[in-house]
Amino acid sequence: CMPQKEPYFKLMHVTPALFDNLLKPTRNILWVDIDDTRFTQVKVKPQREVWSTPQAVYRIQAPSVDALLTYWIEHGVQVRDWFVGQEMTRQLRFYRASTEKDIRARLNSRFACDMLVPDDYMLLMDTTLQTTSTFGLTANTQVLWACNNKGPLRRDLVVYSYPYTDQQTFTLPYLNAKRDEVLAPLISAGVEGSYMGTEYKVFPPQMRVLDIDSTYTAEIRGLWKMKGGEAMGGPYVSHTWLDPVNARVVTAEVFVFAPGQKKRNPLRQAEAILYSREQYYDKK
């Protein structure tokens, strides 16, 4: 869900003979060993910190190319996601060293959760939005908005909650509509009348289900854009979960604005914040 094609990872292929001490400290390594004299079936072994720290190594042993391809067709996405997960873990280690304590305290107070918000984020809004006639906003919507506005590369975090009243909440159409309802009156741009929207035609949002901190979480990835006259846009990722104690739905979203730049790494860095979530209410 990028405005331009970007690979999950930049790949470099080397033979075992060329895999020397210069390359061994590489952060992510996919090690493939094909040998029908030593292997009778495919075996895999995920490892960490083999030659350096931090490092992720995924070993695949196979008796033939066909056996390797069969494994990859069935499990290639999981292998890729494992490496992405290692990248997220490294980013969170970095964030833990220095976070924005005031924003974290406000997240706890307003949404009963905590996330590792980096210390270069600044608070833009912490409020309760009321119903608006223009956008039909749900009354008493709680909102926190922060960003690290650093020139041409900006990363934003928006967290909002609203009452849980509909069993169809955790569907893609409902959450898309709720995003537009909440963010349209909240976020604008330099052109008067512009407002935050979602791109549905070029690349519609995609949803999958995650389990974060033992909580059912709907993840949506898509593209945002400014409507009403401003030419701005970029990728976003949101996580939505149910707060059963307070009978409300909570959504945390990160979005990136980086015109003319690659966006994979900035989005991945921002997305790591969402994966750091911890709940602070009694779930029993």
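Trainee: How many bridges join S1 to strand S3 (residues 56–62)?
Mentor: Seven bridges join them, and the two strands run parallel. Keep in mind that this is a predicted model, where local features need pLDDT of at least 70 and side-chain atom pairs count only at pLDDT 80 or more, while totals for chains, interfaces and linings use all residues. Residues are numbered from 1 along each chain as its sequence is written, and side-chain values use heavy atoms, with hydrogens and water left out.

Trainee: What makes S1 and S3 a pair?
Mentor: Two strands (DSSP runs of E, at least two residues, numbered from the N terminus) pair if DSSP finds at least two bridges between them. S1 and S3 have seven, so they pair. Leucine 30, for instance, stands opposite tyrosine 58 in S3.

Trainee: Why are strand S1 (28–34) and strand S2 (43–48) called edge strands?
Mentor: The open sheet has the order S1-S3-S2, with mixed pairing. S1 and S2 each pair on one side only.

Trainee: Which residues of helix H2 (residues 101–111) are buried?
Mentor: Ile103, Leu107, Arg110 and Phe111 are buried, meaning under 20% relative accessible area with a 1.4 Å probe, protein chains only; exposed means over 50%, and partly exposed lies in between. A helix here is a DSSP run of H or I, at least four residues.

Trainee: How do you know that they are on the same side of H2?
Mentor: They cover an arc of only 85° around the axis, which puts them on the same side of H2. That arc is taken from the directions from the helix axis to the C-beta atoms. On the other side of H2, Lys101 and Ser109 are exposed.
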